[in-house]
Structure formats: structure tokens, C-alpha cells
Amino acid sequence: MTTPPAGLEGPERRDFIREIVAADVAAGRVDAPVTRFPPEPNGYLHIGHAKSICLNFGVAAEFGGRCHLRFDDTNPEKEEQEFLDAIEADVRWLGFDWGEHLYHASDYFEQLYGWAGHLIEAGLAYVDDQSADQIRETRGTLTGPGRDSPWRDRPAAESLDLFARMRAGEFPNGARVLRARIDMASPNLNLRDPILYRIVHASHPRTGDAWCVYPTYDFAHGQSDAIEGVTHSICTLEFENHRPLYDWLIEHLPVPHVPRQVEFARLNLTHTVLSKRVLLRLVQEGRVRGWDDPRMPTISGLRRRGFPAEGIRDFAAMIGVAKTDSVIEVGQLEFAVRAVLNRTAPRRFGVLDPLKVVITNWPGDRIEAMEVVNNPEDPAAGERPVAFGRELWIEREDFLEEPPPKFFRLAPGREVRLRNAYFITCDEVVKDESGTVVELRCTYDPATRGGDAPDGRRPKATLHWVSTAHAVPAEIRLYDHLFAQPFPGAGGTDLFGDLNHASETIVHGAMLEPALADAPVGATVQFERLGYFVKDPDSGPDAPVFNRTLTLRDTWARVRASG
RNA sequence: UGGCGCGUGGCUCAACGGUAGAGCACCUGACUCUGGAUCAGGGGGUUCCAGGUUCGAAUCCUGGCGCGCCAGCCA
């Protein structure tokens, strides 16, 4: 993060969370902030989590504090080791380091169990024998109070005994729960004797079968924060209603530290969906290639798509942090990604839809090595030799037999420049029986080697090209937004009905300059004039597969579309 | 007809009582061996509404309106 993100020059940025932290530091309430990123290992991380990761690790770094990675693994029925591993890898890939501070809520199960007992002894919690249905029925409504459980006033000793027997495995799932004893008439439903522990006979990815009672989020999260010395427990808006409970538990437990919960608005993006539930469905129903499908908003999907971590971090910095529910246009993310890629991606030649060009005045089989610029944005990237010969592939859409007014590229009788090579003029169009153009016969000007004419002639277009004798065929996967609608499922329509059926287009028989065959998986390049592409793990030894990360900004496409 | 939170250009976010700014998007021009990049410029806001306080309100107060979240033994 050495280069300031686009649009972020100037004074240090200050969102309301950083102001809170700064104020706490200034007032001496905290020495240095301790934050945490607390994912539940029940799925893969997505771009929304990236916002939170950048916030938590960013605040810690900026104020000389630290950020923990803590798994909120309190629900063994949904959590898996695969997710634990993927989450660690994704956070690391994003560029953040938790050092020694890797924790799990499950590390604290014994302590949490002890504190639950403390609450029971203090008359602040009780074992409830009601069923889930009964508890729901007596919780009341948004506008009306709930009713006390018949077990609410049972002796502490009895609750203690029952709670121990719950842990010992004497009861089936759902037979009893431990509840806080707060206020069944509270306007905040979270305070109507919330459930602290439930019986779950399931194997936990980390604790195995050691437990059959598990703390709920509410009983685990704040206390974990307290144990770790977290100063600012930053979470999303939907937990705002939980803050009174968070504070109540901290106040009534002998915790070693008092953390503070602060809420911000989660990220929403157009043309995609950031719901773990829906993402899981997309994967399970085979609508995508998996969690890391290049169309997925998951960190692993973005990575496979070719979005650099730096671009994602810049994006997070650009959009800021606030409490307003908002939806960011996906174009903003794409802007941040292009900004990084434009600076860093080596340029290469790749022809997606090849059309043969034969240079009729080329001397026989001669092959010349043209010196081609690797990155005009980065002189240090140097040049590379690219073979040039009598027969070449150019992009089919770079030729039009009857060019409209604003079309500058190749046409009969017209001269264009082949990038870093020669000027060529189209003399003849060869078609097959069906009338399809199959070959262009052109002549080149030997005086324009390298791409400049001695007489100062300047063609209006410069085309990319690949020598047919050297080209490597490849599969190219063109990606577009996962959903065709900016707000999928808006207006109560079926979410999946808004899927973009053209989100993935597979192109076979693209022709690439030979160097690309050896590129490592994950290598990002710019195919000149087309966009950014990344080598996909599906690539074979002699069968490269490239994913299109993003197109270049294309004003011609706009002209064409509008007219 | 509960509680909590939020309302500033198309989108996101600033402005913390003193003439409403930035990034993205959009438009125009310059430059260019990527119709890219870069540079310069432009259009666009009754700051949700109505009262009030104040010399002065996007900022403070009151009342509306709109939107979001909450009735899992999910997080």
C-alpha cells in the first residue's frame, strides 16, 4: 500500500470510527486500539468481509494497535475446517497479518461455561425447560411484551445442576436452554431473556465431541472481546440492537476488560449479492464453478478473476465507512482494479477472434523480431521481442469492409499501424462461399519498421497482431456481472431470475503470443486494446486458459452502442 | 399501533454554527504507436419536509415523512 489509492490524496481520511478511536486514544481511555476480524467459518469470505478486514486491520495499524483474527465458531452444525482454512488464506492474500493473534471463540468454551455459572449463581440466568416453540410464543411481539417463563424463578442450585447435566449430555437437542434473566417486557427483544446456551449434539471442527452445549453469539462474542482485550469491537449495523445485551453481559460478568461495540454499514454492491446464504446456494446448485468462480464476489473468486488485493484495498479506502445503508456501484470497484492493473500489468498480444492477414510483399518466409513495449506506464518494464512474419492474425472486429463514419480501423484501401511493427494497407478481401471474410491481403511499408513513418504519416488506428507461425491457441473466458440487474431480486422477484446468462462466455481458438503459454497460473497481463486477463488454474501444459478480469475503458464501444 | 438507527448531486463519502466539496459516473477539449492511459475543463445539489433557536443552520431544538434492522435454541 505504498501508492496512495486513487482519489485519496490529501489529508488523512477520517471516518466516524477512526474519530471514535482517535478520541479514545486522546482521552487516554485506551493506550492503543485492539480490534478483531471475527468471521464465522460457515462459508467463504466475500468483498463485504474485505471492507471489514481493511477497516479492522487498518484502524489497528494506523493507531499503533493490533488486530486479531478470531473465528466465531459457536455453531458446529454449520462450520467446517475447509472454511477455516480458506478464510485464513484469504485474509493473508488480502495483505493482512494477525501475527500471533489467531483465536477461536471455542478456545474460550471452558471460561464461558464458568461465567454462565456465575450468572446463574447471581440470579441472572436460569435453565428453561420450555420448547423452542414455547419460547417463541412467549417472547411477545414487536409491539407487545413477552411473558415470563414458568422456570424463570427456579432456584439457582437447580439451574446449576441442570446446566451441568446439559453439559454432561443427559438431554437431547432442544430439551433445555440457558437464558439470561433480564426483562421479558423490554422493547428491545434481545433483552427478553435471551438464550445463552443451547444443546447441540454435533461434532465441532476444533473441539470435536468435547461439548454438547454451545454458547450463542451473544454470550460468546463480547466475552471473547473482553478476554482478548479488544478495545473496539467493530461490527455491522444489524448488531446495533444487540449492543445493550453486549453491555449488560460485560457489566454483570467478572471480565478482565471492558470492550466497546461500534457498528457500521455493511457493504452492498450492484449487480451481485453479498449474502452467504445465496452464495452457498449458487455453489450448491451448480450455477457457478464453485466458491472461487471468477464471477463470485468472494475473495477467492475475485482473486481467480484477477482482481489484485491492492485494488480491493484501494476500493475499501475509497468508499469509506459510515452508518448509512448504501449500495456502491460495482463500477467503483472496477475503477480501483483498473487503476492498479494499468500500472502493473505487462502488455501482451492476444487475438480473441482471429482473422488472417497475408502480407503479399513480405520477403518469403522471413521472420523478424519486433521490439515491443512491455508497459508504457512503466519504462522499467522494458521491451520484449515478438516474432513478425508474412502471415498474421488480427482481431476480426478490427476490419470492416464497409466502415461507418467513426470507425478508424482497417478497411479496404486503408492503412493502419500494426503495433510496434509496420504500417499495412488492405488491398484485397478474400471470402468463402458463404461470403464470410476469411483473409485479408495487404502490403506493408518497409520504411515504417517499429511503427513510425519517415514522412510523418500517422494512421488513425493501431492494431494488435500475432504471427500465425508462432501463435499459441488458448481458451479465453469472458466474464461479466453475475446478475443482469443492478439490484437482484428487487421488488420481490426471484433472485435467480435476475442472473446474467451471459456472465461467462467461453472463447475457443484465441491466438496468443507464445510467451503467454509459459505464464504461471495467476499471472495477470493486459491484452493490448482488449482488457486485463489472468491465467486460470484450469490451464493445461499446452492449453492455456485465460480469464478476462475487466475490459479496458472503451469509448468506441460507447460510440458503437449509441449509434 | 414498540425499540434502535439512518436521510447531503446518478452512486459513495466530506463539511462538526460562518458563502455546500471530493472520488466514481457522465459530457467536452488537448495529447497519444492501446478508440487505453494522462492532462485540462464542464454539467448536475430547494442538504427528506415543516416549524423554531441564532446576526447566520446541512450542522442545534421540536414535529412530521421515508428507509433499514429486530419476534433463530444463526452470526
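The model is predicted: local features need pLDDT of at least 70, and side-chain atom pairs count only at pLDDT 80 or more, while totals for chains, interfaces and linings use all residues. Residues are numbered from 1 along each chain as its sequence is written, chains are lettered from A and ligands numbered from 1 in the order in which they are written, and side-chain values use heavy atoms, with hydrogens and water left out.

Polar contacts (here, pairs of N or O atoms within 3.5 Å) were then examined. The side chain of Arg553 places an N or O atom 2.5 Å from a phosphate oxygen of RNA strand B. For Thr74, the distance from a side-chain N or O atom to a phosphate oxygen is 2.6 Å. His242 meets a base instead: a side-chain N or O atom lies 3.1 Å from a base nitrogen. Several elements give two or more residues to this surface, namely α5 (132-137), β6 (195-199), α11 (309-319), α12 (330-344) and α13 (555-562). Helices (H or I, at least four residues) and strands (E, at least two) are DSSP runs, numbered from the N terminus.

One open sheet has three strands, in the order β1-β2-β3, with parallel pairing. Two strands pair if DSSP finds at least two bridges between them. β1 (34-37) and β3 (102-104) stand at the edges; each has a single partner strand, so one side of each lacks a neighbour in the sheet. The twist averages 35 degrees from one strand to the next. Strand β2 (residues 66-71) is joined to β3 by three bridges. Leu69 has Leu102 as its bridge partner in β3.

A disulfide requires two cysteine sulfur atoms within 2.5 Å. The count is zero. For Cys54, the nearest cysteine sulfur is that of Cys67, 11 Å away. The closest cysteine sulfur to that of Cys235 is also in Cys67, at 14 Å, so the two are too far apart for a bond. Cys54 is buried (under 20% relative accessible area, with exposed over 50% and partly exposed in between, using a 1.4 Å probe and protein chains only), at 11%. Cys235 is buried too, at 9%.

Note on methods:
A polar contact is a pair of N or O atoms within 3.5 Å; within protein, one must be able to donate a hydrogen and the other to accept it, and residues adjacent in sequence count only if both atoms are side-chain atoms. Axes are lines fitted to C-alpha atoms, for helices over the stretch in contact, and angles run from 0 to 180 degrees between N-to-C directions.
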